[in-house]
Amino acid sequence: LKITEKVGLAGLQKETLELLALAYEAQGSTEQAYFFYKQFHNLSDSLNDAEVRKEVHNSQMRHEIASQNLKIDTLEKDKKIERMAKYGFMGGVVGLGFLAFLFYNRYQIKQKANEELEYKNSEIMQQKEEITAQRDNIELQHNQIEEQRDELEAQAHQLEKSNKKIEKAYLHIQDSIKYAKRIQQAVVGNPEGIIQAFKSAFVLFAPKDVVSGDFYWFYQTEDHKYVICADCTGHGVPGAMMTAIGNTLLNEIIKVKKITSPAQILVELDQKVQQTLRQSSKGSQQDGMDITILKVSSDSGKATFSGAKNPLLLIRKGEPTLIKGSKFSVGGYLTQREKIFEEHDMMLQPADRLYIYTDGFQDQFGGSEGRKYLSKKFRQLLVDSSFQPMAEQRKLLDLEFKVWKSNTEQTDDVCLIGLEV
């Protein structure tokens with residue numbers, strides 16, 4: 001205890017006094033225990049007062065330090081606030097400038113966008129107007145198409161009715177033409193009459209259409225045989241009408257009037273055609289015919305020929321002799337000079353062959369180059385095939401014509417007569 005007092009360890013001294021008080025109390029020394037308890041309490045109070053004062057001092061010091069720190073902090077905060085205000089002002093200025101730039105830039109972008117939008121709106125409106133105009137035009141065209149369709153349907157209906165009428169008329173015309181063919185065949189006659197009248201003969205007759213503008217005519221008396229081959233103007237129905245006129249006039253001239261000279265027959269026929277067709281002036285129609293007339297004596301072997309444009313071909317022992325007809329046709333008005341038809345006489349020998357024909361064979365287009373057959377080639381064909389029997393020669397000529405023509409449209413009527421006296 002003394003050591004603690006001497007050294008000044010008040011805390012240890014306090015503990016020592018408490019231990020001594022507890023020890024004496026345990027021994028039963030009440031007075032000693034009380035004594036040390038009292039000192040213990042006094043020292044404790046003293047120590048507590050010291051602690052309180054120390055704590056108050058420390059508290060004051062802490063308060064002063066805190067106050068100083070607060071002032072320092074306040075100053076630093078003020079400086080910081082001042083700096084922040086300065087920097088904030090500068091930042092505000094910069095920010096305001098940036099915002100002003102952003103607003104200006106945004107304004108320009110918006111202005112440009114507005115201009116583009118306005119331009120696009122203008123384009124859209126223009127396109128809309130164009131589309132509207134196109135739609136109206138399409139609608140108008142649609143209406144026009146509808147009207148045209150209705151009109152076409154009406155026309156188709158009318159056309160169908162017309163086609164039925166035309167078809168009916170066509171069938172009627174075809175029936176009439178077929179009937180006309182039967183009449184023409186009856187008028188022209190049977191080729192067997194010619195074939196039976198001569199030693200040997202053939203007739204090759206190939207109309208371009210149902211009826212023909214070519215015709216042949218035969219008449220036999222006690223002394224003579226008349227063989228005629230004619231090519232009338234046109235073919236088909238118009239040509240057939242001319243054949244009927246020609247056949248009627250020949251019957252009148254040869255059978256009724258008994259005119260026997262081939263040249264005179266042509267003169268008379270020419271006049272009759274002009275009278276029948278009223279060809280009395282230059283402006284009248286000029287229809288007529290190219291014709292060959294051959295008269296063969298029944299016993300003397302003499303033959304007489306006269307032609308209006310068309311020739312006669314004589315083949316003797318393979319050698320051809322072409323006798324040309326007059327340059328005039330029968331029919332048609334002629335103002336400059338009188339028509340002259342020459343007459344040619346000939347004495348026939350055994351095996352002589354005579355051919356009279358129209359121009360239909362030689363004028364036919366065909367072959368690999370689509371050209372005309374031509375008269376020279378045609379005459380050579382007759383010469384080359386003249387050694388064949390007449391019936392066989394006809395077959396060869398018919399085959400040659402069909403092969404040459406092939407798929408080409410027939411150009412004209414064909415009439416060819418071969419005779420052997």
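In this predicted model, Tyr-373 has a relative accessibility of 3% and therefore counts as buried, since the limit for that label is under 20% relative accessible area.

A pair of aromatic rings is described by the distance of the centres and the angle of the planes. Tyr-373 and Trp-404 form such a pair, with 5.1 Å from centre to centre and 85° between the planes, an arrangement classed as edge-to-face. The pair links distant parts of the chain, for Tyr-373 sits in the loop between β11 (371-372) and α7 (375-384), whereas Trp-404 belongs to helix α8 (residues 390-405), 31 residues apart. Trp-404 is buried as well, because its relative accessible area is 15%, and the cut-off is 20%. Both residues are members of a cluster joined by ring pairs, which also takes in Tyr-357, Phe-361, Phe-378 and Phe-401.

Leu-374, in the loop between β11 and α7, has a positive phi of about 80° although it is not a glycine. A positive phi is found too at Ala-351, another residue other than glycine, where the value is near 75°. Ala-351 lies in the loop between β8 (344-347) and β9 (353-357). With a relative accessibility of 46%, Ala-351 counts as partly exposed, because this label covers values between 20% and 50%.

The count of aromatic pairs comes to 12. One of them joins Tyr-219 and Tyr-226, whose rings are stacked, with 6.4 Å between the centres and 25° between the planes. Tyr-226 is buried, because its relative accessible area is 2%.

Attention may now turn to helix α3, which spans residues 30-188. Tyr-37 is placed in this helix. Its relative accessible area is 24%, and Tyr-37 is therefore partly exposed. The C-alpha atoms of Tyr-37 and Glu-18 are 6.4 Å apart in space, while the two residues are 19 residues apart in sequence.

Helix α3 also contains Lys-77. Lys-77 is exposed, because its relative accessible area is 54%, and the label applies over 50%. Together with Lys-79, Lys-80 and Arg-83, Lys-77 forms a positive surface patch.

Methods: Residues are numbered from 1 along each chain as its sequence is written. This is a predicted model: local features need pLDDT of at least 70, side-chain atom pairs count only at pLDDT 80 or more; totals for chains, interfaces and linings use all residues. Side-chain values use heavy atoms; hydrogens and water are left out. Patches are made of residues with over 30% relative accessible area and no salt bridge: like charges are joined within 9 Å, nonpolar side chains (Val, Leu, Ile, Met, Phe, Trp, Tyr) within 5 Å. Accessible areas come from the Shrake-Rupley method with a 1.4 Å probe; for residues, only the protein chains shown count as cover. A salt bridge is a side-chain nitrogen of Lys or Arg within 4 Å of a carboxyl oxygen of Asp or Glu. Lys and Arg count as positive and Asp and Glu as negative; His and the chain ends are not counted. The place of a charge is taken as NZ of Lys, CZ of Arg, CG of Asp or CD of Glu. Helices (H or I, at least four residues) and strands (E, at least two) are DSSP runs, numbered from the N terminus. Buried means under 20% relative accessible area, exposed over 50%, partly exposed in between (1.4 Å probe, protein chains only). Rings of Phe, Tyr and Trp (its six-membered ring) pair if their centres lie within 6.5 Å; planes under 30 degrees apart count as stacked, over 60 as edge-to-face and the rest as tilted.
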